[in-house]
Amino acid sequence: MPFSAILLGGKPATGTVPGHSIRARVNRNVDWRTDLCLNDDQPVSLACVEIFGQSILERTVAACMNAGMRSVSVIAVSAGISFHETKSVRIAIPKRSEDRWSIVREMLQRDLQQGIDTALIAELGAYAEIDLPSALRFHRAKGQPITPIHDAQGSLSFWIVDVARALSAPDSALPPEDDRIINPPVPFVITGYVNRLEHPRDFRRLVVDAFLGRCSIRPSGREIKPGVWVDAGARVHKTARLVAPCYIGSNTRVRPAAVVTRCSNLERNCNVGEGSLISDASLLPHTLVGRGLDVAAALVDRVDFVALDRNVTVRIQDPTLISDIPPRKQYVPAYVPQYGDAEHRGAEPDFAHLDYLARAKGRLLEVFKGEV
Amino acid sequence: MTTGKPVVVKLLPETVSAQQSQAFYREVEPVLEADRPRLVFDFSAVRHFDSAGVELLLRCMEEAMKRNGDVKLASISPQLAVILEMTRVDRLFEIFENSYDAVESFHRFSPATMQSLTPSWKSADSGS
């Protein structure tokens, strides 16, 4: 049976460069449920933030296409959401986010005209690994107009709908929230991996889970040594230390004596300054970290620093600490170090790890004076 | 990903202070000077460890990196882990529960065997 998908891809994104991903910025209003936003009044879903070069939205589109869906539509509120492949994806941009459900209705009508009888509607949201064929079989076996998809904690804002019956219902049937329906349908409960992405910590957890193989997301790029992935165009100085597992995104630069460790992911076009340490942290695209800094247990988006252990967000406008890097116009392939590559051998040792640790070692001498 | 170079496992002495560090470094120096050295330091016998030991680790790591190799650590006791964390050296190394896992890690990525991968912010999690 013909099947389609309609994905609601987060909230408005304004003023972003086409072909360039959403600029996520942390909401300082301390409502952790709104998390990231494009500016102070426009929240954006963490599902639109890149992980290993691809957002959850993009991954969901790919999963729908791989599942053989005849059409995939994305409702975004601006052109800020980019896709690597746009030919087979319809993108609609409502003027106001409140209009998105009327656009869903229009898309369902178009689907119906094209002979599509079943559609997946998803408001991303959560990252959920759903067995779509099983969900579809469940929906058909139940014979209900709408089948919500749940995990053990409840609704994931994914629904499988019978297109004709959904359109014949009154407007209030969309969005098909359970509490809006008099006789709630039987949900399809998934047992696979789910991350609700409600908090920046959830995003970090997803990154860690991906590194540790707990979900199906895998780092892209080349695995230059076990557990270290480097994407195209990245430049890593020979004295920088990449401790597995970690990911260096495309066109990202890691400068001398920098250390990237503990499941850190540096997304594309980032720049880590000399001697800086990135530990258990995510740098979102176009983030610059200055020299000699410690970035640990954090999510950094250009000028916004989310300290996950302290549960606070700091906007830092000092370019010697963190700042943003304008999008590059050209993709410039550059040297990528390879394990065992002769060029990787340093001619002149200019390591700074000893300098970096000198203070701590001095303290250690004072404290221990020998035995431990 | 798999790689096939041999890995050398060195058991550190019970005491790793200035004198022992120098002796140990002389012992591992030939290995570090080889092409793409791959070393595992087994800490299972270590009872005393100080800043000279920290310096030893860093020196060995840097020498290995110069030749495009690596040093990994195994069998770290909780007491030793405190020192490595205090000096922030722990962030520079892959640390494994035992030498076997550390050796295997040179051939394939196996996160289940790695220590210290629990996020530091996990305890502060409010349950989301």
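Trainee: Where in chain B does pLDDT stay under 50?

Mentor: pLDDT is the predictor's confidence in each residue, on a scale from 0 to 100. In chain B the score remains under 50 over residues 123–128. For this stretch the model has seven contacts beyond four places in sequence, a contact being two residues whose C-beta atoms, placed from the backbone, lie within 7 Å. Where pLDDT is low, the predicted coordinates should not be read in detail. This is a predicted model, in which local features need pLDDT of at least 70 and side-chain atom pairs count only at pLDDT 80 or more, while totals for chains, interfaces and linings use all residues. Residues are numbered from 1 along each chain as its sequence is written, and chains are lettered from A and ligands numbered from 1 in the order in which they are written.

Trainee: What are the mean pLDDT values of chain B and of chain A?

Mentor: Chain B has a mean of 88, with 87% of its residues reaching 70 or more. For chain A the mean is 77, and 71% of residues reach 70 or more. Chain A has stretches that stay under 50, including residues 329–351, with 39 contacts beyond four places in sequence, and residues 363–372, with 15 such contacts. The model as a whole scores ipTM 0.80 and pTM 0.80.

Trainee: How many helices and strands make up the secondary structure of chain B?

Mentor: Helices (H or I, at least four residues) and strands (E, at least two) are DSSP runs, numbered from the N terminus. Chain B has four helices and six strands, in the order β-β-α-β-β-α-β-α-β-α from the N terminus on. Of its 128 residues, 48% count as buried; that label requires 20 or more other C-beta atoms within 10 Å of the residue's own, exposed means 12 or fewer, partly exposed lies in between, and C-beta atoms are placed from the backbone. Among contacts in chain B between residues at least 6 apart in sequence, 72% join residues at least 24 apart.

Trainee: At which residue does helix H1 of chain B bend?

Mentor: A bend is the angle between axes fitted to the seven residues ending at a position and the seven starting there. In H1(B), residues 18–32, the bend is about 30° at B:Arg26, and B:Pro30 follows within four residues. The buried residues of this helix are B:Gln20, B:Ser21, B:Phe24, B:Val28 and B:Leu32. They pack against strands E1 (8–11), E2 (15–16) and E3 (38–42) and helix H2 (51–66) of chain B.

Trainee: Is B:Ala18 buried or partly exposed?

Mentor: B:Ala18, which lies in helix H1 of chain B, counts as partly exposed because 14 C-beta neighbours lie inside 10 Å. Its C-alpha atom is separated by 31 Å from that of B:Thr113, 95 residues apart along the chain.

Trainee: How many residues of strand E7 of chain A are buried?

Mentor: In a regular strand the side chains alternate between the two faces of the sheet. In E7(A), residues 71–75, five of the five residues are buried, so the strand is largely enclosed by the rest of the structure. A:Ser71, A:Ser73 and A:Ile75 point one way, and A:Val72 and A:Val74 the other way.

Trainee: Which strands are joined to E7(A) by bridges?

Mentor: Two strands pair if DSSP finds at least two bridges between them. Strand E1 (residues 3–9) of chain A runs parallel to E7(A), joined by five bridges, and A:Ala5 stands opposite A:Val72. Four bridges join E7(A) to strand E8 (residues 89–92) of chain A, also parallel; there A:Ile91 is the bridge partner of A:Val74.

Trainee: What is the strand order of the open sheet of five strands in chain A?

Mentor: The order is E17-E20-E23-E25-E29, with mixed pairing. Its edge strands, each pairing on one side only, are E17 (235–236) and E29 (322–324). Strand E25 (residues 287–289) and E29(A) are antiparallel over three bridges, with A:Leu288 opposite A:Ser323.

Trainee: Which residues have the most contacts inside the largest nonpolar core?

Mentor: A nonpolar core is a set of buried Ala, Val, Leu, Ile, Met, Phe, Trp, Tyr and Cys residues joined through C-beta atoms within 7 Å. The largest has 127 residues, and A:Val260, A:Ala298 and A:Val300 have the most contacts inside it. H2(B) gives the most to this core, with nine residues. Among the contacts of A:Val300 beyond four places in sequence are A:Leu283, A:Phe305 and A:Ile322.
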